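Hello,

Here is the structure you asked to see. My notes follow below it.

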Amino acid sequence: MRVIMMGPPGAGKGTQATFVAEHFGIPAISTGDIFRANVAEGTPLGIDAKRYMDAGEYVPDEITNKMVRNRIDEPDAEPGFLLDGYPRTLAQVEELDGMVRFTGHRLDAAVVLTVDNEEIVQRLLQRAEVEGRADDTEEVIRRRQEIYREQTEPLIEVYRERGILVEVDGMGEVDEVTKRIFEALDVVPQS
């Protein structure tokens, strides 16, 4: 299974990605986790990425694309993968198409979690408090939502036109959302 998880920041993609990846026996690849790890380790990539993350901006495509390409080329991703947080732009869609085509496969599904925007703001503010995430201020959260609407929402239509979009209600208890995703994906043919 080669699947991407989409939805605005705070929709629960990361939480659901873990369950979906485990269900299909594939790695969950989160650009956010990779960025945070690099920031924590103080790598050159992390230093560059931190400037954008602190401002609520997306990390530039050239950095993100290289990182994703390297990750899906690893042996554990050969039977498939779940991408969380990528692609975020139309240019990244084209880049990912090339990466997947190179492996002789195709994307099987693009799952988009639909959620209420104001609930997302409250979720992220609560997560920031619990996890001590300095980058999750209300201003930054609202900026991320704005960028998502401008740059990433158009991808939903691209995947709808390709016939691989799977829309799932992301509201409710975690296990309810997980069940909805499994029901939707278990009938998707895999490449």
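**Notes on the model**

Thr 31 is found in helix 2, which covers residues 31-41. Please keep in mind that this is a predicted model.

Thr 31 has a relative accessible area of 2%, so it is buried, the limit for that label being under 20%. The side chain of Thr 31 reaches the backbone oxygen of Gly 85 at 3.3 Å. Leaving out residues up to four places away in sequence, Thr 31 touches Thr 64, Met 67, Val 68, Asp 84, Gly 85 and Tyr 86.

One of those partners, Val 68, belongs to helix 4 (residues 61-72). Val 68 is also buried, because its relative accessibility is 1%. Apart from residues up to four places away in sequence, Val 68 touches Thr 31, Leu 83, Tyr 86 and Met 99. Val 68 and Ser 30 are 38 residues apart along the chain, and their C-alpha atoms are separated by 9.0 Å.

Next, Thr 89. This residue sits in the loop between strand 3 (81-84) and helix 5 (90-102). Is Thr 89 buried or exposed? With a relative accessible area of 13%, Thr 89 counts as buried. The side chains of Thr 89 and Asp 61 are joined by a polar contact of 3.3 Å.

The last item is helix 3, residues 44-54. Which residues of helix 3 are buried? They are Gly 46, Ala 49 and Met 53. These residues cover an arc of only 70° around the axis, and therefore lie on the same side of helix 3. The buried residues of helix 3 pack against helix 2 and helix 7 (138-161). On the other side of helix 3, the exposed residues include Pro 44, Ile 47 and Arg 51.

Both ends of helix 3 have something to look at. At the start of helix 3, a side-chain oxygen of Thr 43 comes to within 2.9 Å of the backbone nitrogen of Gly 46. Just after helix 3, Gly 56 has a positive phi of about 80°.

Regards

Key. Residues numbered from 1 in each chain as written. Heavy atoms only, no water. Helix = DSSP H or I, 4+ residues; strand = E, 2+ residues; numbered from the N terminus. Buried < 20%, exposed > 50% of the residue type's maximum accessible area, 1.4 Å probe, protein only. Contact = heavy atoms within 4.5 Å. Polar contact = N/O pair within 3.5 Å; in protein donor to acceptor, adjacent residues only side chain to side chain. Arc of directions from axis to C-beta.
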